[in-house]
Every structure is written in structure tokens, then in C-alpha cells.
Amino acid sequence: MAFLFSPTARAFSDESLESYLLRIVSENFFDSYHQLSFAIREALHDLDFEAHGAFPLEIKLLNIYHAKHNSHFRMRALGLLESLLGLPRHELQKIALFKSNRTFIGRAVAVHRNGTDIPLSFIRSKHEGNIESLPVCPLCLFEEPYIRQEWHLKPYSVCVKHQCKLIHHCPACQSSINYIENESISQCLCGFDLSKASTNEAEKAELTLAQSLIERDLSSENVLLNQASLTHRYSALIWYQKRSCDSCSLGGAIEYFAQWPDNFYQELELLTQTAESKLIALFNRTPFRFIYGDLILNSRCLFPEDKELHFIHAALMHYLQRLVEENPKTKRPNVADMLVSVAEAAVILSTTHEQIYRLYQDGILTSSFKQKVRQRIEPHLGVFYLRQVIEYKNSFGIDWQGMYLSAW
Ligand SMILES: [Zn+2]
Ligand SMILES: [Zn+2]
């Protein structure tokens, strides 16, 4: 039973969920999203008492990842909405942004959309006080008036199709463009039709970056651009951002990855060469992170990991294996005797903290200092010798990935 008219144009695969709901608002002659959401709640009330309250009354809270808890109720509400609209199942779920169970570079939270994980920090959002704009491409709006999901991405600043800069401000009244705040896809509050706005040509570097956020470039030699997995490309970008500085733009990323991995190995080599001069204690008393910072933790580009290793993680593991090989154990401690933490060992061995504790209890990994009986090692304290962890990893073969001990 279709209770609402579904828009004449089906949801586009690159359309945002909010955009599609706004099209439902206008095609059903509601004045605002608020009216629609009220009507939807009423209808859902009879269908599913539990889920009806989960349907958000404000469009800016519509997407699933905004749900504070119990996002499964919201999923159910969305499923019910599909039936109210007479849409095929999962039509709306395909374009929704979900909370993801994965993390990028060890700790950055992610959202998930149709098979891809995206760092949450890449999604344009409202900052306290000032409204961040949600820019548009006037030429895209002219062709088909709906909001493209990629316009929500901070690193996406130009339109790949029309090779022009996205516009952030209304040319007539200069106010920030934000279709969610204004509840209008192609009209500014002042009445200006944004599809008529003029555009400026995009720069080459911006275009290449924007391109990397939507499609793979098979012909490119750049390791970032030719990665098959979009999720892997996103995690390389956030890794790059973390490495440069949190607020830095991603402008240099394309050039950086064009030199990969030689430039990465050179940076690491420089750290290794100068390590001894920075020491306060002997190598075998010094945590790895004292010299290399969060290098190992950040290299967990994705967790849980994919079957295919992330190229950044693979490059670092290759470097660490070589470091241990080239610095064999001698009487005098060397750089390969530095101490890694439970958290770092878990990244090197592609496993969980629990497994590392188990390897320790079983005597496979030994602590560099005496632990009190039954006391759990603090996960970020440097305790295991890098050499031992790498040698243990190598004992499974160079490409081994996964669990080292059974959980029972
Ligand atoms: Zn465009
Ligand atoms: Zn305006």
C-alpha cells in the first residue's frame, strides 16, 4: 500500500538521503519536511509502535548515523517508509549514511554508505555557532535537481563532471548555501535559482583529488589513485592528513602518493639514522614511539582490516622487517630492540589486544621488565621488544594475516 507518492525520479545512486526526502516533501505538496515527518510518524504508529518514534522530526537528524542509540529502530522506520512509498526494499538504505563499526588510523570513527566506509571527519557538518555550507554544482543542478552525496565531503571541492568549483554562497544574497538548513535543493531562501549561478573553472590538483573520492583511475601510476577500494583511498587520505597536521588540507596528497613508497622510506630512514642521538636511555629501554611517534598505531589504516592489506600498513611492515634484519641482535642494544606496546604489537600482528595478552601469558612474547603477578599491562606502555614481535610475525610467513592463537 503506497500512502505517499514516491517521486517520479527514483533515488539516484549518488543522491543523499536528505535530498530524496526533500523531493518527497515537494511532490506530496507538503510545506516542509516537518509536516511530512509528522505524517510519516502517524502512519508508522499503526504499523510498528516501537519504531515509529525513531523517525526523526528534523531533517538534519534524518540520516542513520545521527541516531544516538538504537539505530536499528531507525533502520526499521526507514524500511517502513519504503513500504509507505511503495519502493523496493532497501531503496532508501542504499543511500543512507550509517554508523560504521570500523575505525580509520586506529581511532577515527567512520560512517558507511553502500559498501564504503568514510571517515566521519570528512563529512561536512554544522560547527557550533556557524553553519558550514553544503556547496553545490550549479551545472549538475541544472541537469538534474538533486543533491549529490559527494557534495557532503569536505575534500570534494570541485565537480568532476563539469570541471568547475562548487559554489558555497548564493550569488544574489551571499548567504551560505545549505539545502538541509533551507530545506530546498536548488533555491536559496532569497529565491535565487542556484542552477543559474555562474561557475569558475577548477584547478587540476583539486580535480584529481575530487576524482580520487569517487572513482578509481586504472591508468594512473599513483598508488592512491589506482587503489581498487574506495575505503582504502579514504583511509590513505586520512592517514596523510594525520601525518601532515589535523587541520591541513589534502592538497598535497596526490603529489605525496605519486612518490610512494620511496618518500615514506626516506622519512623513516632519517628518523632511524638520527634515533641514537635522541636517546636518553639505551635502545632496549626506550619505547618505539619515543622516536617514531604514533607511526605503528596510525598504520592500522582500517580496523577490522580487509583481506587485502592496506598499502600503507604493508609498506610499514616491510620497513620494520628490514629494520630488524639489518640490525641483528648484538651485545649492544640497537634500534631493533626498542619497545612496542600491547596496542602496537596488535597492529604489527594484525590482531586484538586480547590476543597479545594471551601471547604474553603463554610466554611467546616476553616483557622487557618484571610485571607484578596478575597485573594487566597498560596497553600503551612500551614492553615488548620490536625484534621479538617481528620475528614472531615472520614465523608465520611474510604475508600471514590474522589470528595467532585460538580464543580458547
Ligand atoms: Zn557538476
Ligand atoms: Zn540567496
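1. Let's start at proline 304, which sits in the loop between β6 (302-303) and α13 (311-326). Helices (H or I, at least four residues) and strands (E, at least two) are DSSP runs, numbered from the N terminus. The peptide bond leading from phenylalanine 303 into proline 304 is cis, with omega near -5°. Proline 261 belongs to the loop between α9 (253-258) and α10.

2. A word on what you're looking at. This is a predicted model, in which local features need pLDDT of at least 70 and side-chain atom pairs count only at pLDDT 80 or more, while totals for chains, interfaces and linings use all residues. Residues are numbered from 1 along each chain as its sequence is written, and chains are lettered from A and ligands numbered from 1 in the order in which they are written.

3. Now the overall picture. The protein has 16 helices and 8 strands, and its C-alpha trace spans about 80 × 50 × 40 Å along the principal axes. Of the 408 residues, 34% are buried. Here buried means that 20 or more other C-beta atoms lie within 10 Å of the residue's own, exposed means 12 or fewer, and partly exposed is in between, with C-beta atoms placed from the backbone. Take the contacts between residues at least 6 apart in sequence: 62% of them join residues at least 24 apart. Two residues are in contact if their C-beta atoms, placed from the backbone, lie within 7 Å.

4. How is the protein divided? The pieces are domain 1 (1-96), domain 2 (138-248) and domain 3 (261-394), with bounds that come from an automatic or database domain assignment. The C-alpha centres of domain 2 and domain 3 lie 39 Å apart. Between these two domains, 8 residues of domain 2 are in contact with 7 residues of domain 3. On the domain 2 side, the touching residues come out as 3 nonpolar, 4 polar and 1 charged. For that tally, Ala, Val, Leu, Ile, Met, Phe, Trp, Tyr, Cys and Pro count as nonpolar, Asp, Glu, Lys and Arg as charged, and the others, Gly among them, as polar.

5. The largest nonpolar core has 95 residues, and those with the most contacts inside it are Leu21, Val136, Val340, Ala345, Phe384, Leu386 and Val389. Helix α1 (residues 17-27) gives the most to this core, with 6 residues. By nonpolar core I mean a set of buried Ala, Val, Leu, Ile, Met, Phe, Trp, Tyr and Cys residues joined through C-beta atoms within 7 Å. Setting aside neighbours within four places in sequence, leucine 21 is in contact with Tyr33, Ile59 and Leu62.

6. The buried ones are Leu17, Glu18, Ser19, Tyr20, Leu21, Leu22, Arg23, Ile24 and Val25. These buried residues pack against α2 and α6 (179-182). Just after α1, phenylalanine 29 takes a positive phi of about 60°.

7. Next, a helix pair. The axes of α2 (residues 33-47) and α4 (residues 71-84) come within 10 Å and cross at roughly 100°. The axes are lines fitted to C-alpha atoms, for helices over the stretch in contact, and angles run from 0 to 180 degrees between N-to-C directions. The two helices therefore count as roughly perpendicular, the label for 65 to 115 degrees; under 35 is roughly parallel, over 145 roughly antiparallel, and the rest oblique. From α2 come Ile40, Ala43, Leu44 and Leu47, and these meet Ala77, Leu80, Leu81 and Leu84 of α4. That contact has 8 nonpolar residues, no polar and no charged.

8. Glutamine 163, in the loop between β4 (158-159) and β5 (164-165), has a phi of about 55° although it is not a glycine. It counts as partly exposed because it has 17 C-beta neighbours inside 10 Å. Glutamate 183, in the loop between α6 and α7 (204-212), has a positive phi of about 50° and is not a glycine either. With 20 C-beta neighbours inside 10 Å, glutamate 183 counts as buried.

9. Finally, is glutamine 273 buried or exposed? It counts as exposed, because it has 10 C-beta neighbours inside 10 Å. Glutamine 273 is in helix α10 (residues 262-278). Its C-alpha atom is separated by 9.5 Å from that of valine 335, 62 residues apart along the chain.
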